[in-house]
Amino acid sequence: MKITVAGTGYVGLSLSVLLAQHNEVYAVDILQSKIDLINSKKSPIRDKEIEEYLAAKDLNLKATTDARSAYTDAKFVIIATPTNYDPAKNYFDTSSVEAVIEMVKKYAPQAVIVIKSTIPVGYTESVVEKFGIKNILFAPEFLREGHALYDNLYPSRIVVGTPKDNSAMEEAARTFASLLQEGAVKKEIPVLYTHTTEAEAIKLFANTYLALRVSYFNELDTYAEMHGLDTQAIIGGVCLDPRIGDGYNNPSFGYGGYCLPKDTKQLLANYANIPQNLMTAIVESNRTRKEYIAHHVLSRNPRTVGIFRLTMKANSDNFRQSSIQDVMKLLRGEGVEVVIFEPTLQQDEFERFRVEHDLTAFKSKCDVILANRFTDELSDVRDKVYTRDIYLRD
């Protein structure tokens, strides 16, 4: 079966690799550099399993920038393009999704469109009306950055949403779910079929709960640090309750990355005219945490603050909307010199901050070094490092 995947980020590329084990897959992107890497069996993103599968597995996968060849005769077209949150519109920017839909209408009108990009609640139904199409599904992704293929190989669940009163798409939903199951290693996978609007809500509410959990343990850590208490002891005791569980509880400088910042804001926007307190509090809590981190660092009266990695997580190359960037701006606003060490950056400047490429020189220049996640590379300057990484993991 020919399947086309639009987008080669974490979602798109992991799905392309997963499905190319048993299907003919075309991965589409506008960047030729990414296309060339994929066709050379190299990953343009940091993901252990993607890198391994591209290098060693016999995959029927072709990456291309040619829309005509990619979309023509495809049975399924998966849209995995970025949908950044637009604060001016108070809404996701879904223009990339709609651009792909136009391509499908032109080259493959018979194909079943599967939206994987994160979208507002009610968006798929609006697309049905706007474009006059019925062959469309929404299937949210639940992937971790840097472990996207692993989470497709061992998924927690598969959710596929169909438009209301569309029995033909109910069958297509089952076919699509079976394709994901076929590529997975895990065999007993919970599968939920629902309407598209409920599936959209599942995605946003799931990510907002994760943001809530991050915020909760960050505020616990703020309390403990300000009172001179042992954060790890408190978290350990709290999480022994099986209803709470021992996961997603390591303090940080705030949540960031591809999904949580934009998804929480979009869900909050969806709550217009609906009574709530918690959704606003989650977004505000993350802002407060970053301000607390900045003020705590400023209390040390540093001349130069070093930022060890812009990335949110260990073994990652993504720093889009990382919380540390807001902390950096707060520090600069108070007149503190800020220097970045980020091996993935080739340039000497980032957002008007100086980038130091030599780790030894970076360590010597800084009075305080901020590290969202601690590594052994910083062991020799442990007294300079400020981190809230209690468990030395993500």
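**Helix α9 and its partners**

I began with a pair of helices and found that α9 passes α11 in a left-handed crossing. A crossing is left-handed if the near helix is turned anticlockwise from the far one by less than a right angle, and right-handed if clockwise. This is a predicted model, where local features need pLDDT of at least 70 and side-chain atom pairs count only at pLDDT 80 or more, while totals for chains, interfaces and linings use all residues. Residues are numbered from 1 along each chain as its sequence is written, and side-chain values use heavy atoms, with hydrogens and water left out.

I looked up the geometry next. Helix α9 covers residues 196-226 and helix α11 residues 260-270; they pack at an angle of about 120°, with axes 9 Å apart. Axes are lines fitted to C-alpha atoms, for helices over the stretch in contact, and angles run from 0 to 180 degrees between N-to-C directions. Helices (H or I, at least four residues) and strands (E, at least two) are DSSP runs, numbered from the N terminus.

I then listed who meets whom, with contact meaning heavy atoms within 4.5 Å. From α9 come K203, L204, F205, N207, T208, L210 and A211; from α11 come L260, D263, T264, Q266, L267 and N270. The contact holds six nonpolar, five polar and two charged residues. Here Ala, Val, Leu, Ile, Met, Phe, Trp, Tyr, Cys and Pro count as nonpolar, Asp, Glu, Lys and Arg as charged, and the others, Gly among them, as polar.

I turned to α12 (residues 278-298). Its angle with α9 is about 40°, with the axes 9 Å apart. The two helices are therefore oblique to each other. For this term, angles under 35 degrees count as roughly parallel, over 145 as roughly antiparallel, 65 to 115 as roughly perpendicular and the rest as oblique. The crossing of α9 past α12 is left-handed. Among the α9 residues in this contact are L212, S215 and D221, and the α12 side includes I282, R289 and Y292. By class I noted eight nonpolar, seven polar and four charged residues.

**Single residues**

Is D221 buried or exposed? D221 is buried, with a relative accessible area of 0%. Buried means under 20% relative accessible area, exposed over 50%, partly exposed in between (1.4 Å probe, protein chains only). D221 lies in α9. Not counting residues up to four places away in sequence, D221 touches T231, P251, R289, R388 and I390.

I checked L137 in strand β8 (residues 136-138). L137 is buried, at 0% relative accessible area. Leaving aside neighbours within four places in sequence, its contacts include V112, V160, M169 and F176.

V327 belongs to helix α13 (residues 323-333). V327 is buried too, at 0%. Beyond its neighbours within four places in sequence, V327 is in contact with K290, I293, A294 and L370.

**Helix α2**

Which residues of α2 (residues 32-39) are buried? They are K34, I35 and I38. Down the axis of α2 they fall within an arc of 100°, so they line one face of the helix. The arc is that of the directions from the helix axis to the C-beta atoms. Their cover includes α1 (10-19), β2 (24-28) and β3 (61-64). Just after α2, K41 has a positive phi of about 65°.
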